[in-house]
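These are my notebook entries on a structure that is new to me. I wrote down what I looked up, entry by entry.

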Amino acid sequence: MKSRKPSVPYIIWMLVFTLIPIVMIGFTAFTDKQGNFTLENFSKAFFYTDVFMKSLWIALLSTAVCLLLAYPLAYMITRMKESTQNTVIMLFMIPMWMNFLLRIYAWVTLLQDNGPIDMALSILGIHGTYIGNTFAVTLGMVYEYLPFMVLPIYTVMSKIDNGLIEAAQDLGSNSFNVFRKVIAPLSVPGIISGITMVFVPSASTFLVAQYLGGTDDIMIGDIIDKIFWTDQNTGSAISLILMIFIFVFLILMNFFGDEEAIA
Amino acid sequence: MKQTAKKTIISLKDIFMSYDGEVILNHINLDINEKEFVTILGPSGCGKTTTLRIIGGFIEPDSGDVFFDGKRINGTPPNKRNVNTVFQKYSLFPHLNVFDNVAFGLKLKKVPKSEIKRKVTQMLKTVDLKGYEKRSVSKLSGGQQQRVAIARALVCDPDVILLDEPLGALDLKLRKSMQLELKEIQQKTQKTFIYVTHDQEEALTMSDRVVVMNNGVIEQIGTPEDIYNEPVNAFVADFIGEANILNGTMVDDCRINILGKELECVDKGFGKNTPVDVVIRPEDIEITSPENGQLVGTVEKSTFKGVHYEMSVMCGKCEILIHSTKSAEIGSKIGMKVIPFNIQIMNKLLPFYNNELEAEVKYSNKDENYFEFELEGETITVNGQSFEEGTKLRITLPPSALSLAGDGIGDLKDVYIESVVYKGEHNEIILESDERKWLMLSDTDEQVATYVPLKFDFSKASFEVING
């Protein structure tokens, strides 16, 4: 038997900061203010079905855009010289050192009416509104979460043994086939962790939509944020539903990942 | 010889390759015939893998031509060469099972599915992996992975298979059986195999011809018997099998002087009183009574090896190794006899014994009795001597005046160890600096193909003024 002693601090940590809070949220979600059992919180939560759908849609859209941008980018980075690779990865990390809110404010400034982007496009004769819509929210989310997609894909890709690439060439693959038959299938684990790392936080994020979105671009994170001040029970119920959604999503991703590895 | 009648399939012409200013391949020429099992043999860092990668198309030589079946293929990418490689680390695709790994090349060639199935099944049978089709490659043993890698290369039906130390990761027993299996596969399939290894036994066991490389040049090409029985120089003799390599003097045609005794041999044309290297294989020395021996020595060590005894005999200051079915007691005096045919004479690796250099005195200090000169960009200080500034000198350094600087600070900083040959008394080490080669004697075994700092002991040197 292995000694269990070293894991004691982690068990305490998990108990205090994961398990107990979840139980508390569950308890609050199924009770009213007086502590009596009720399902009313959930029926109140279903009032926000549209917001739920919208949130999941924006999260999905952002994840898809992130993947489309990050995958070729990560591939390009792995083809660079080692020293250049480190510099480029560093450049991707630098914006993350800046405060999250500040970065959103920067986008507000950039996108607002008569802001730099609006002005520049007006000169070219293009007029429009670039803030207060789903596009702006997605843009903000992609900007926020792109590094979380690039890094895992890059890490997995850069670990692919060069010998495998040479073996594929040796057996008759041109560079397209090397990519299609070796690099792409072997980078699936990176894609999966990238999707997870982007989708999960973007589904539950808040503030981005408040600053960049329009009146109907409210995300579930914002709702939880608002409701919790007045009605902890409904807030807990919404959180619980969101958790279940994410949990189901993670199981799906895991299942998909395993299947890829076998195929 | 038979081979000359065969068709040349791969031809390397004057291949030169350098990396970061270091010469990896120094103008190599090599012809490989169809259906031949050729082994490129050499110590690590000799350029053998580079040669293989040039044939495979993974790297381009700086200069020189690669011909395949008479056509120049420089610049042709690996996927367009009719050559397949078995890589050192196998490089099997971890996301594919055994069948799909082997079928990889055929699928790219758009071979019909039924054909692929037939060929892959057939090939897996050849390498003794029938029934393993659906297994994951990561669950196979080293030997099985090795055979998948061979099957994957063979199934594409290339004219030439390149094998880069494919048995290096296997244990001894498996390696031995795989050697025979590989040879069998080569004979069954009638393909050209180019095999790279640093294991001389492997090379002798499997090859039709062996190419011995060292320090970016080909030292010798020949059948395993040729290479073993008639090595061209001390490096090859030392690298292939066990050998007594001795310093000798060719007195005249068929007369050789070794260890102070004049013996009869069969080699001619070395001139009179020429210093040469002499090879005598340990199994070629016959033990006799001291009166009947050509050489006399005292047994120092004797180890029973099953088939024979391995004995170390001191003959004067020189150690001689003998393999014999007869044993002799430790401490006893024995005679040794070698028939003339078994004394192999070779030219010295270097045309000189003492290291000579010419230098001009750059700075001289008469009071403290030292001077300085420049050598390959380094300023070298000589204590205990002084000459006028500007004097041209010829400095002669005997091999014993050279040493590897233990403190790491040498007169020359990075000197390459080209070869280390044990000559019974000392190791004779050949070093290469930027502009020349050096001969050094050492009692320690130095690592070939490494860079070391070189120190000169000028108290053992002699100085001669050239221009008064």
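I take helices (H or I, at least four residues) and strands (E, at least two) as DSSP runs, numbered from the N terminus. On that basis I find eight helices and 30 strands in chain B. I number residues from 1 along each chain as its sequence is written, and chains are lettered from A and ligands numbered from 1 in the order in which they are written. The model is a predicted one, in which local features need pLDDT of at least 70 and side-chain atom pairs count only at pLDDT 80 or more, while totals for chains, interfaces and linings use all residues.

**Entry: chain B as a whole**

I looked up the extent of chain B: its C-alpha trace spans about 90 × 60 × 45 Å along the principal axes. For burial I use C-beta atoms placed from the backbone: a residue is buried if 20 or more other C-beta atoms lie within 10 Å of its own, exposed if 12 or fewer, and partly exposed in between. Of the 468 residues of chain B, 38% count as buried. For contacts, I require that the C-beta atoms of two residues, placed from the backbone, lie within 7 Å. Among contacts in chain B between residues at least 6 apart in sequence, I find that 66% join residues at least 24 apart.

**Entry: a mixed sheet in chain B**

I count two strands as paired if DSSP finds at least two bridges between them. Six strands of chain B form an open sheet with mixed pairing, in the order β6-β7-β8-β3-β9-β10. Its edge strands are β6 and β10 (217-222) of chain B, each pairing on one side only. For angles I use lines fitted to C-alpha atoms as axes, for helices over the stretch in contact, and the angles run from 0 to 180 degrees between N-to-C directions. Neighbouring strands of this sheet are turned by 20° against each other on average, direction ignored. β6(B) pairs with strand β7 (residues 160-164) of chain B in the parallel sense, over four bridges. Within this pair, V83(B) stands opposite V160(B) in β7(B). Helix α4 (residues 142-154) of chain B packs on the sheet and touches β6 and β7 of chain B; its direction makes about 175° with that of β6(B).

**Entry: an antiparallel sheet in chain B**

I then looked up an open sheet of five strands in chain B, ordered β13-β12-β11-β14-β20, with antiparallel pairing. Here the edge strands are β13 (261-264) and β20 (344-346) of chain B, and each pairs on one side only. The twist averages 40° from one strand to the next. Strand β11 (residues 244-252) of chain B runs antiparallel to strand β14 (residues 274-280) of chain B, and seven bridges join them. I noted one partner pair: L246(B) is bridged to V278(B) in β14(B).

**Entry: where the chains meet**

How many residues of chain B are in contact with chain A? I find 18 residues of chain B in contact with 16 residues of chain A. On the chain B side, β6 (83-86) and α2 (98-108) each supply at least two residues. α2(B) gives the most to this side, with three residues.

**Entry: helix α8 of chain A**

Helix α8 (residues 162-170) and helix α9 (residues 175-186) of chain A pack at an angle of about 135°, with their axes 10 Å apart. The contact is made by L164(A), I165(A), A168(A) and Q169(A) of α8(A) with V178(A), K181(A) and V182(A) of α9(A). The buried residues of α8(A) are L164(A), A167(A), A168(A), Q169(A) and D170(A). Their cover includes α9 of chain A, together with α1 (48-56) and β6 of chain B. After α8(A) comes G172(A), whose phi is positive, near 110°.

**Entry: α3 against α10 in chain A**

I find helix α3 (residues 49-78) and helix α10 (residues 188-204) of chain A packed at an angle of about 145°, with axes 9 Å apart. Among the residues of α3(A) that meet α10(A) are L56(A), A59(A) and L67(A).

**Entry: one loop residue**

Q447(B) lies in the loop between β28 (437-442) and β29 (451-456) of chain B. Is Q447(B) buried or exposed? Q447(B) counts as exposed because it has 11 C-beta neighbours inside 10 Å. Q447(B) and S324(B) are 123 residues apart in sequence and 30 Å apart in space, C-alpha to C-alpha.
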